[in-house]
Amino acid sequence: MAETRVYDLTTEQIVALRQTLENIDLKLEGDLRRFNGLNIKRLNEINCHRGKRHRNSLPVRGQRTRTNARSRRGAKKTVTGKKK
């Protein structure tokens, strides 16, 4: 098997790849993004648990949020301690 890099592909090979991908009936790029967006919108509209988690920008698949989940919740918001 020849290990060909993408930048080494000829125009004919690129055209052949595109045709192959179109014939497989996969959702790619914009169609896939639209499909996923509509699924999330549906979950939000039926007000299910996963939809609520998406709406509040919290982890959807059961991960813990007491610690971690920083990428989903954003940067830390520091809470000051109580004054005596």
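Start in helix H2 and select Asp31 and Arg34: they sit three residues apart, which puts about one helical turn between them. An α-helix has 3.6 residues a turn, so residues three or four places apart point the same way.

This is a predicted model, where local features need pLDDT of at least 70, side-chain atom pairs count only at pLDDT 80 or more, and totals for chains, interfaces and linings use all residues. Residues are numbered from 1 along each chain as its sequence is written, and side-chain values use heavy atoms, without hydrogens and water.

Zoom in on the pair. Asp31 and Arg34 form a salt bridge, with 3.0 Å between the closest N and O atoms. The term needs a side-chain nitrogen of Lys or Arg within 4 Å of a carboxyl oxygen of Asp or Glu. A search of the whole structure finds one.

Now show the surface. Asp31 is partly exposed at 43% relative accessibility, and Arg34 is exposed at 52%. Buried means under 20% relative accessible area, exposed over 50%, partly exposed in between (1.4 Å probe, protein chains only).

Next, select residues 29–45, the whole of H2. Its 17 residues reach 24 Å from first C-alpha to last. Just after H2, pick Asn47, which takes a positive phi of about 65°.

Finally, zoom out. The protein has four helices and zero strands; these are DSSP runs, with helices (H or I) of at least four residues and strands (E) of at least two, numbered from the N terminus. The C-alpha atoms fill a box of roughly 75 × 35 × 20 Å along the principal axes. Of the 84 residues, 7% are buried.

Terms used
The expected span of a helix is 1.5 Å times one less than its number of residues.
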